[in-house]
Amino acid sequence: MDINLFDFNLPEELIAQHPSDKRDCSRLLAINKDTHTYEDKHFYDVVDYFNSGDILVRNNTKVIPARLLGIKEITGAHCELLLLKEVDKDIWECLTQPAKSLKVGARVSFGEGKLIGEIVQEKEEGLRLVKMHYQGVFLEVLDALGKMPLPPYIKEQLGDNSRYQTVYAKHEGSAAAPTAGFHFTEEIFSKLKAKGVTIVDITLHIGLGTFRPVKVNDTKDHVMHSEVYEISEETANILNNAKKNHQRIVAVGTTSVRTLEANISKYGVFKATREPTNIFIEPGYEYKAVDVLITNFHLPKSTLIMLVSAFMGREFTLEVYQHAIDNKYRFFSFGDSMIIYGRKD
């Protein structure tokens, strides 16, 4: 499909620069994708759109302070690394800047030598494999020296790093947060459980795909960056039973969607596994796993708005987005959210 089919005009002032004062006080657009109707709500109303027996699936990945600012040894030039994923013991795939000066053998010092990054392999588009030299526990060193990898469209500093994590973040490894989960609180989870909703976790560590725009004119030419996901035996069993019993599966965020759809598309059922996926969901894709989607408002011409368009139709998605713009919803990572469900629900 032509990438311009997913474009829209977004006023810059609607790009959220900070989280809402309270997680569940963000706005919520409740959308019935079958009747093409929607309601303006707040996120604390989300419980009203759940049924007893629903399965809520959330991504429990935890963001690491993956942005490192350092000095290139010998020249003293300023450099930046964004850690994307550990590919081997202490060897990380990194997005680098300026990439041209970071050749194999170059060493970058962070924290006056407390951490040294040595370039061991050059890859395409500014990617490098970097060997980390340090003393002690790497994540403790990273906590001391690294910064939270906020998206480039967020210009303000984050006063509380916990607001770039979900309240259920558990497994460290992401270079970006599963932002649809920001709106949930422990109180909302308690209300959902009391209503008869089962909550299960999957893990997908978010990597390069979040930072790479779609650069092709035709979506068929776009290749998603691979990310590793994990589904436990217990979660797979709960999801398979839900399908047999016609219970709804509610996905929190596009990373949960990609995990569930990749898994069931490959195996026909939900299967416990830990493996990579580069699934790319665009209009024409038939959803097999997810019945209800909770997500934020995404960038124009992004793979994420394509995923949403595949779920509720491209033209209706653009109509919904225009409603959000007209009513001054906040967009992107720290923005407002939507819940998308259907008539049969």
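I started with the open sheet: nine strands, mixed pairing, order 2-1-17-16-14-3-12-13-15. Strand 2 (37-42) and strand 15 (273-277) are at the edges with a single partner strand each, so one side of each has no neighbour in the sheet. Neighbouring strands here are turned by 20° against each other on average, direction ignored.

Ground rules before going on. This is a predicted model, in which local features need pLDDT of at least 70 and side-chain atom pairs count only at pLDDT 80 or more, while totals for chains, interfaces and linings use all residues. Residues are numbered from 1 along each chain as its sequence is written, and side-chain values use heavy atoms, with hydrogens and water left out.

Terms I am using: helices (H or I, at least four residues) and strands (E, at least two) are DSSP runs numbered from the N terminus. Two strands pair if DSSP finds at least two bridges between them. Angles run from 0 to 180 degrees between N-to-C directions, with axes as lines fitted to C-alpha atoms, for helices over the stretch in contact.

**Inside the open sheet**

I looked up the pairing of strand 3 (residues 55-59) with strand 12 (residues 198-204): parallel, over five bridges. Ile55 stands opposite Thr198 there.

Next, what packs on the sheet. Helix 4 (residues 254-267) lies across strands 3, 12, 13 (227-231), 14 (249-252), 15 and 16 (292-296), at about 75° to strand 13. Helix 6 (residues 314-326) also packs on the sheet, touching strand 1 (27-32), strand 2, strand 16 and strand 17 (337-341), and its direction makes about 40° with that of strand 2. Contact here means heavy atoms within 4.5 Å.

I then went to strand 15, which pairs with strand 13 in the antiparallel sense over five bridges. Val228 is opposite Pro276 of strand 15.

Buried or exposed: which is Glu275? Glu275 has 12% relative accessibility and counts as buried; the cut-offs are under 20% relative accessible area for buried, over 50% for exposed and partly exposed in between (1.4 Å probe, protein chains only).

Leaving out residues up to four places away in sequence, Glu275 touches Glu227, Val228, Tyr229, Lys266 and Tyr267. I also noted Glu230: its C-alpha is 6.7 Å from that of Glu275, though the two are 45 residues apart along the chain.

Strands 5 and 6 pair over five bridges, and Leu68 has Leu81 of strand 6 as its bridge partner.

I looked at helix 1 (residues 138-145) next: its buried residues are Phe138, Val141 and Leu142. Down the helix axis they fall within an arc of 100°, so they line one face of helix 1; the arc is that of the directions from the helix axis to the C-beta atoms. Glu140 and Ala144, on the other side, are exposed. What covers the buried residues includes strand 5 (67-72), strand 6 (78-88), strand 7 (91-97), strand 9 (115-122) and strand 10 (127-134).

Most residues other than glycine have a negative phi, and most peptide bonds are trans. I listed the exceptions I came across.

- The Gln97 to Pro98 peptide bond is cis, with omega near -5°; Pro98 is in the loop between strand 7 and strand 8 (107-110).
- His246 is not a glycine but has a positive phi of about 60°. His246 sits in the loop between helix 3 (233-244) and strand 14, and is exposed at 72% relative accessible area.
- Phe332, not a glycine either, has a positive phi of about 75°. Phe332 is in the loop between helix 6 and strand 17, and is buried at 7% relative accessible area.
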